[in-house]
Every structure is written in structure tokens, then in C-alpha cells.
Amino acid sequence: MSAGPAGCGSAPHRFAHYFIICGLDNETGLEPDALAGENFDQSPLKRTFKSKVLAHYPENIECNPFDQDAVNMLCMPKGLSFCTQRDSLAPRFHSFLITREDGSRIYGFVHTFYEEVTSTQIRSAMQTLHQMHHAEQHTSPNNCPSSSSSSSSSSSSMDSLASSSDEVESPSQTGVQGGCSGSGYDAERDTLYVSKAICLITPMPFMHACRRFLSQLHRAVVSHQPPPLPLESYVYNVLYEVPLPPPGRSLKFHGVYEPILCQRPGPNELPLADFPLGEAFQLLGAENLVQLFTCILLEMQVLLYSQDYQRLMVVAEGITTLLFPFQWQHVYVPILPASLLHFLDAPVPYLMGLQSKEGTDRSKLELPQEANLCFVDIDNHCIELPEDFPQFPNKAEFIQELSEVLLHYGLSPEGGITSPAPTTTQTSVTGTGLKNTVLRELVDDGRNGNLPGEALDVLELLQGNPTLERLQALAKRTGVKVARLEALVAGQKASGEESMGGRTGIEEEELRTAKLNVQLREVFAARFATMFADYEAFVIQNSPDLEAWLTNREQMHNFDKASFLSDQPEPFLPFLSRFIETQMFATFIDNKIMSQWEEKEPLLRVFDGRIEKARLYNVRAPSLRSSVYQKCTFLKESAQAIEQRLMKIHHTAIHPHLLDMKIGQGKYQQGFFPKLQADVLASGPTNNKWSNRTGPAHRRRDWPRQQPDHLGLDNDLKEKYMQEARSLGKNLRQPKLSDLSPAVIAQTNWKFVEGLLKECRMKTKRMLVEKMGREAVELGHGEANITGLEENTLIASLCDLLERIWSHGLQVKQVNAAALANKNKQAHSLFNSERRKSESSIGLPALRVSVVQDMRHIQNMGEIKTDVGRARAWIRLSLEKKLLSQHLKQLLSNQALTKKLYKRYAFLRCEEEKEQFLFHLLSLNAVDYFCFTSVFTTIMIPYRAVIIPIKKLSNAMTTSNPWVCVSGELGDSGIMQIPKNVLEMTFDCQNLGKLTTVQLGHDNAGLLAKWLVDCVMVRNEISGHTYKFPCGRWLGKGVDDGSLERILIGQLVAPCSDEEVVRGSKTPPPQRSPSQLRRIKPTTDQIQEAISEAVNNIIKHFHKPEKERGSLTVLLCGEGGLVGALEQFFYHGFRIARLFQKNVFVWDFIERAVVYMESADQMGDLQETAEPLGLTCDSLCRYANAINNTSRNIGKDGKFQLLICLGARDRLLSNWLPLLVECPIITRMYEETALLRDRVAVSSLINVLQSLHDFPISLETSLTKGVDL
């Protein structure tokens, strides 16, 4: 067609774009629907046959081209269905939608009814088919088709789903002779009926209005009386003369018998949503619907399952409208036609609806993957959730508020619709109601300028002339139908009794549904307005113009996720940390940034307006971020807006009228939908005042979107970047229905493979950047890692991606990494012996690299109950061991097994993409992860400990009884005796987390009790993480500082070569013996810098979120810690040794200072000092004596370390320093140049230490054990 009236000029502003009739084409006859699956074992009446689009009007619209295949497939998803007079012939209604490539949607509304088959060829063909089927049933070993179908192979399970009858509501066939089929057909005895569908395609989802219009058309066909006008008049009217209601306005147009109302929300209201949310809540219950809503928000795969197409649409559309201000960005097919069941293989997030076969058991439905799938069985009101599922914030209070709204409208929050809802509404209007309606129509039309002159005269005559009998007589003479005038007469008499605003029962029900819809949506919208009240503060806007932003979009961070999460209440974090990683949130933030240069996206504009309004109500901004539940405040206001629009109709469309039709066509025949005259429906009027009136306003509004030139950016470039920036699978949001050739299916799968590879590249890059970005600041010191919450979210996302890659193109059900590893054990066994390191010398023997061994560790974990959980644990373990890429490469090396398990198009059979995928995973080896150790905190783990002595200077063994205690962030092992003459031991204990300290000691028994230990090595035998605890000191009386127990601070050892494992480490241990330590004399500047650095590290530790802080013990006692730095300060200028005398330690100085203070106190010398100084003196003496009196033999340097730690914990260090400086003992033990005798240096040190007073320092039990204060 030319772009005339049926072109695009007025089409965007018309209520409906197409009217369509689908059904049986008598010329082509019965064609089995091969795409719907083979169902020849069923009775012919239960089989599916191809339907055809019999007619559609107009031929085409430029802005919405007609897609015949897609429309036919969705109007009759199961093809034609036949029945006889014994079956239920009740009409059915369902909706569908088509998502176009640009993401826009068009809606279809279908009224399906049964029409008698008049073609003798069709009847005889059905008779023949039935006779053949009857003969086969008698000769086959199974007498009943149901038994044979139940034993069908699993490979055709998807096809079997497609073969169900369209008659989901028909009762069981009884009383039919002819075997167990129960659905025989005899052409002589039975009347054959076939399904036919009439459909409206509209640009907006006016479900109730379309349903009523189509229902009235069908009533006109089956009514005993012909309709007032030919059906062409009503179809023409709805296609060309009924406009879309303008935003914020209501519209009335006319069906065959009754007026139809529809309304459209204003620009500051929630967008149009006409599907009944109350029905969705009744189908699933509030609890299940909130869980489903959470799955959608986290972009999981969601499969809806029901016998009823309309239920699938109601739940799908209902749940997506609740996402405001966010939008679903992925595959969205609420009704999945039988020919597209392969789309369930899609390795991307999707929301699809699948029609269930009556009586089909859920367990027989074989799905490609179920790890990340939310399965919603609508008819049985149940939902199966994925594993690792976080709860929606304030879920209990949220459900309570929703329940209050539902109860207000008389609905149960638990749901419980047990039978399919009536699919059509049969309406009968009483005489009085119809008459009053007719009169009100005339009054409204007169007010809106819609009445021609003659009708206006009639209205004035009716309203002004009391003698209506003369009018009736006149009507008879002029040929006007009397029934119409009698209705007007009766209507005028009743108008005084009934107000003009009176509504019919249907209108009342629609108003109630609309008010319930908007109030439920407002509750959901209010949750997001509360959770993201201050989201703008975290949006990062750093591009000068739109072109620069679009060009660099992939490399830029648009939202400060870490700061946002740190600002949220703790209970919200599991959900929010995953939600802000979704595509819908990324698109929302993109739209926010683009609003600097473009007109604001409508949903964003409304949402920002809500937040501004909330701020006006809440003067105190912090309350918006509290975890206290805040109820929605817009419920009454939103319901009133809808009621006002429906109470006062703003616009009334032109009435249906006689068209210039050929005489004799469009003849009425009861029960048969007539063949409409195509020429009168092909195009609309050339002078449609509605399109002229509303067009310019709409064009003005759409101008910024249609004219991108003002942005200075090529539209193709912008679209390209936005496609890439916003979604990996956006061009796959709806499978292409019009072409189902193998080439198109292959191209679709290829897009999936490309999308998966790109997603893998982006995810691994993100994980590396987040992990390494802050470490680089510290030049490799693992001090400022990504937060654990973010890390866990990213790794969970990686697990999800790997599951989708593993599941793409699977031949059988649910083969995950765990199952594949088990099936591949024999192939792995050869590999297990490949990597073994030297075990000949003292040290830790290297762990062997084995997929099977790691799998056994996982299978032995009783805490994990499912295969999905085991697969995810295995991924986390492999990532922590830096073996993920290597393990997967090994698993995929068995090509015979891969070919057996996967279809040809599967990702894992695309060699080049598979290699790139493994390479991206290999890049993750550059950083350290503790994603297994930190998650599975309660499991038992085997540890191996090795004590490495310095053999050149001491005995390798000791005659005493040594013991060891290993501590970590999650607990300690307790004291364990080491067998004599053994330097290596293994032990099992509950996960200790990252290891922090080792206590090593002995009882000093025997002749060779003195023991010089180089270090202790401890390894987690599951994760392979090895920790080195440097010592370099003696244990024994009369040597070094006399210690029998050392507290050693651990450091993670990077994987290294065989020689380095044996030797320990090339770098000198941080804590050598005092004589060695003191040979290296740092300068005063270096000492003061080391103290500042140690204090800064402690302060930074406390500025991290509590769960991300790591070990404070390392910062206090480890290399570069506070104790080591202060030890250097105290040893500066210290007179250590004299000829023929023992070494002297700092602790000796402190002991003598304490003795002096206690004696001075007894003599009264300290009584004259200020009271705080006296208290400080008491505290120093008390702490030093408590340390000396402990039963532990920790040595003099160990005692000094303990004093520093206790002083830092109790904020006393800065108070003790002046006492030590003023003590006369200092002159005998320190040289003049010592830092401790430099007033300026001491004053500076006191100031630095006082900065720690703001933080609650806590100490590990291993440090303070045995000290009684």
C-alpha cells in the first residue's frame, strides 16, 4: 500500500493498527502442523493442524509492518483445533505481544471461538483420519494411546509438550463408543467445529477495551438478530476513527452493543498497564509473586508454565510492569510457540511462557539447565527458586503492605484461583440500562461535537418535546428504526431517576481493577524510591559530551557501587550488591547520564519526580536510607486520578456508521463470521480530524527522538554504541517468528555464542580491574583489595555465566561441571600424576594438580546438598587455586565425550571461541581469590604444618616436647603436641579462614632443648594456600631472650619453583634474632617514617567496611607493623651489650623503669605529681607486672610486643611514653643521641600514637592468652 491514510501519517495515533481473522483455509484443507510436534498417536480431533491468516486489514502500515507468520503463530499458538457438539464450545480470550528489534512492543488481543465446518471435503477428511486412527489403535499392542505416549523417549519431551490440545478447558470425553480414545467422530452423526480467531493489533496494551470490542463482535455473529450495522462498520470505526486517548485523558468509543471506555495515565503517573495485577496475585499469592519479582530483578531465567495462554500473559506483563523505573532488557516471550521450544536452550536471561499439556507432570518437563532457573507453575500456585537466592529488602513488611491493599479489594493475599478464570465476559444489558446508555451517548456526543446535524436535531427534539408518540410515528414514516427511538424515549424518562455519572456493572469492575492495579504498582514503586532515594549522588558523570561518553562507555565506571553499598543498611546488601550488577540497572544509569544531553526517558522522569516528592515529605534525608520500612503515601491519590478520568469522559470517538459498501456482500448468517469487504477496510478517511488534532502535539513530543541531528552524532553510531553498551542480547529480546529456517536458527545460536564470549571477556576484565586497581596503589601490598561483598557478587556472576556456557546446546538434562568431571574420571587419571614436585628435602611437598581430587573434596562436603551447589563450589575452589582455566581445558580435552553431550552449535564445540574463553579465565590467575575459603566457613579442612629449623647453627630436632597452635580469622586449632623427632604433621579442623598466627613452643625438657627455628610453613590441603610464619629465633632457656614460646605472624606465600619451596624464601625473614636485627641500623628519618606508615595502615584498616578489614594482628605485629616500628624507635641509641655480659633487651629497660616507679611511689616521690600522671604510672606498672606474671614463657621481646599491643588497645601508649622518658634509668641505658631522649621526636611520636585513640583496636586471643589485668 502507498503511504496514504493507511500509511504512517495517522497510524501512530490510532487506537488499533490491524484487525485480523485466522482460521481454517478451506482451499488448502487439513495440513498437519509439523512445528507443533508429532502427535499422530492422538485422536485426529486432538491433533494440531496449520492455521492461516484468512484476512487482515489494512494491508500494511509503514511504521508497523504486518508480520503474517508471527501473528498467525501467536494468534493460534497450537494451530487449529477441532471438536464436536459434545465438547465445550465456550469462546476463549488471550493476549500476546511482539517485541521488535528496537525494543518497542506491539500488543495483540485474540478472541477464539468455534465455527461449524461446512466443507464436505474437510468433514470427510476428518472422518478418514479417524477411521485410520481407530484401525491403528486396534492393531497396536497398547490399546490406549495414553500408555504409549507415556513411554515416549525423553528426547522428544519438548515436542510432546507441543502436542497438547488447545482445548484446555474442555471436560473429559465420556460416553463415546469406539475404544479408549473417547473422542470419536462420525460425519453422519456429529457436527464438526473448528477454531477461528479474530484479533486486534494495538500499539498500547488496552486489554479490557479490546476484549470487550472483540467479545461484542462475536456476540453479533452468534446472536439471533443481525447487528444494527454491518460488521465492517465497527471494524472500520475501531481501525480508523478511534484515536489513542491523549496522556492523562479518557476516551469512549462504541462496540456493537455497548460503549467501551479506556483511559491513559498522565505524564507524571505510572505508565499504562491494563493487565489485571489482582489476578496475578490470586494465581500465585503475594509471597510467591514477590519471590518471582526478585528473580526478575536479578535477571535470572524465568519460565512460566500454565495451560491458559492468558494466564501466561497476565503474569508476565504484570511482573514486568512492577519493575518501574527499570525495564526488562533480555529475551521476553510470554507465549512461546511450539515451534520455538529450542529457544529454552538460550544461555541468556529470559522471561518466557510455556503452555503446559493437561495432566503433564512437572518432573517430565526436561529443561536444558536449572541452576539459575526460576520455574513458575501458575496453575498449581507454586514456584521453584534458584539456589543462592537473596531475599528482597524488608520482604515481610513489603508483603504485609501488599496484603493490606489486596484485602481492601476483597482478595486473599495467599491467592488460590483453582480453576481457569473465565476467558470471555458474556454481557447482557437490561432494557433500562441500554436505554440510559444510549441517551447518555447522545448527550456526550453532542457535547464533544461528534453528532451530525440530524442526530443533534433528534437529541434536541427528545430533550424538548414531551409528546414522543408523534416522534415515533414520524420515525416509522421516514424509515428510522423504532427500537432505537424507543430506547431514547425510555432513556429520557429514566434520566431523571439515574445520575449522568451512573456506570454499568462491567464499567464498575474495570474501574475497580484499574484502581487495584495502580495501587499495587505504587507500593512497588515506593520501595524503589526508598532504596534508591539518593542514587544520583553516586552517578559518575565525567564526559564532556554525548559522543565522548558513547565512545568510551565500555571502559568507564558510571556508578560508584562500593560507596553506594557502604551507604546501605546491612540487611539490604545481599540483594543490592547483585542487583546493581544487572543490565536493567546499568541501562537505568545510562539513561540518567544521557539525560544531560537528551530529553529524559519517561520512566526516569516520573521516578525522579517521585524522589523529589519523597524528599519534600521527609525533611531528614538520612531517614530515606534507613532500614525502617516506609509505606507508600500515594495510594489514595493515584486511585483518585483514575476514577476522575473514568467519571468524566474527556473524548468520545465517532460512532460506527454505514459505509459505502456493495449490495449483497457482508450478508448476516448466524454462527458464521462473515467475509468482510476488503475494499472498504483497506484505507481510512482522508480527513480524519482526530489524527489532525492529536498529531502535531505528538509530533512535537517525539521530535527530539526523531531528530538526533542536534546531538552532533550520527544516529547509526549512537545506536551501535547503545546496543553494545546496554545489552549483550538486546537484539535477541524476541526470537524471529517469521523465518524459522535452519539458517536463521543457526544464526541465532551463533549470536548466543558471540554474546557469551563477550560477556566472559567483560566479566573477567571487570574482576581483574576491581581486584588489581587498588592493589596497584600499594605497589603489590594486598592492602586495599576489592570489598568482599563486591568480590562475592562478581564471582557468583561468573558461576552463573559458566553454568550458562556449560548448558548451551546440551543433549541431555543438567550436565554441570560436577557431572562432566565424574564422567571423565578415567581421562583425568593419567593427568593426576603429571605435576608432582620434589619431596626429597624438608619442606612442603607440592600438591598434585587433579580435577578429580578437587571434585572428591567437594563431594565430601556434607554441607552442600545439590549438584548445582557442588558445581559452584568446585568453580570457587578452582579459582582460588588458580586452576580454573587449566581444569576446564582438561575437562574439554575429551572431544568424544563433548560431541556425545553437546549439539553441534553449542558454545563448547566452537573451537576458536572456546580457546578465547579459556584464555580469559586464565587471566584471573594474576590475582589472589579466597572465594572458597571465605564462603564455606564451617567445613572441616585438612592442614599440613612443617617446622623448618636452621640446621647449621642448631640441632634439626629437639629433645623437648614441642607444641603448635594455628590461628586464623575464623578461629584456632587449639594446642597440638608435635610427636618427638618429627618436623611435619597433618591435622583436621574447622575452616580457620586466612591464617594469621602460629604459636610455637616447647617444655625445655632434655639435654638438647635449645631449638633455632627458621620458620613454620602451614598449608590448607584443599585450597593449596601456603602460609609462611618467619621466626629466625631460638626457643630455650639461657639463649636469645630466654623464650620458650614464640608468636609468629603469617604471610601468604606465592606459588614458586621447587628449589624455593625447599629453601623457604629468598627474602630475609622479618624477625631475626636481636643481634642480627640490630646490625642494620636505620636512620632516624627511616624509623619515624616506618612508625607513620604503620599507624596509617591501622587507620585505613578501620575505614574499610567491617567485613572487609582482614587481620589487625598483621598490622600490629607483622612485617612493617606497629610493634616492629616502635621496637626500632626504642632500640635506637640503646646500649645493648657489654664485654663478658649478657645481651640487654628493651624489656630490661622497662622492667627497671617500673621498679624505679614503684619504689618512688612507696617513698612518696610520686604523690606530689598530678593525679592523671599518677594513674598512668599505676597502669604501666600493673600491665608490666601482669605480663611478667603470666604462665607463658614468651621471652623479653615477646613481652615487649605484648605491652605495645595492650597499650594500643587500651589507648595508653601515648601516656606511658612521658613516664619512660622522665625516668632516670634512661641515662644509664640510652646514649645521648637516642630518639627516646630527643624531646621533639618523642612529642611527635605521642601525637602520632594519639591518632589511634579514635579506633577500637581488638587483639587475637593468641596474643593476650594468660595475661590477667
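The chat below walks through a predicted model of one protein.

Trainee: Before we start, what sort of model is this and how are things counted?

Mentor: This is a predicted model, where local features need pLDDT of at least 70 and side-chain atom pairs count only at pLDDT 80 or more, while totals for chains, interfaces and linings use all residues. Residues are numbered from 1 along each chain as its sequence is written, and side-chain values use heavy atoms, with hydrogens and water left out.

Trainee: Let's look at a sheet. What is the strand order in the open sheet of five strands?

Mentor: The order is E10-E11-E9-E12-E13, with mixed pairing, and two strands are said to pair if DSSP finds at least two bridges between them. At the edges stand strand E10 (331-333) and strand E13 (382-384), each of which pairs on one side only. Neighbouring strands in this sheet are turned by 20 degrees against each other on average, direction ignored.

Trainee: In what sense do E9 and E12 pair?

Mentor: Strand E9 (residues 301-306) and strand E12 (residues 373-377) pair in the parallel sense, over five bridges. You can find Leu303 standing opposite Phe375 in E12.

Trainee: Which helix packs on that sheet?

Mentor: Helix H9 (residues 309-321) does, touching E9, E10 and strand E11 (350-355), and its direction makes about 165 degrees with that of E11. Contact here means heavy atoms within 4.5 Å, and the axes are lines fitted to C-alpha atoms, for helices over the stretch in contact, with angles running from 0 to 180 degrees between N-to-C directions.

Trainee: Switching topic, how many salt bridges does the structure hold?

Mentor: It holds 33 salt bridges, each being a side-chain nitrogen of Lys or Arg within 4 Å of a carboxyl oxygen of Asp or Glu. One of them joins Lys196 and Glu115, whose closest N and O atoms are 3.0 Å apart. Lys196 lies in strand E6 (residues 192-202) and Glu115 in strand E5 (residues 105-116), so the pair ties together parts that are 81 residues apart in sequence.

Trainee: Are Lys196 and Glu115 buried or exposed?

Mentor: Lys196 counts as buried because its relative accessibility is 11%, and Glu115 counts as buried too, at 8%.

Trainee: Where do Glu911 and Lys914 lie?

Mentor: Both lie in helix H33 (residues 911-922), three residues apart, which is about one turn of the helix, and their side chains meet in a salt bridge of 3.4 Å, N to O. Glu911 is partly exposed at 42% relative accessibility, whereas Lys914 is buried at 5%.

Trainee: Last topic, how many aromatic pairs are there?

Mentor: The count comes to 47 aromatic pairs, and the rule is that rings of Phe, Tyr and Trp (its six-membered ring) pair if their centres lie within 6.5 Å, with planes under 30 degrees apart called stacked, over 60 edge-to-face, and the rest tilted. Among them is the edge-to-face pair of Phe907 and Phe917, with 5.7 Å centre to centre and 90 degrees between the planes. Phe907 is in the loop between helix H32 (895-901) and H33, while Phe917 is in helix H33, 10 residues apart.

How values were computed: Helices (H or I, at least four residues) and strands (E, at least two) are DSSP runs, numbered from the N terminus. Buried means under 20% relative accessible area, exposed over 50%, partly exposed in between (1.4 Å probe, protein chains only).
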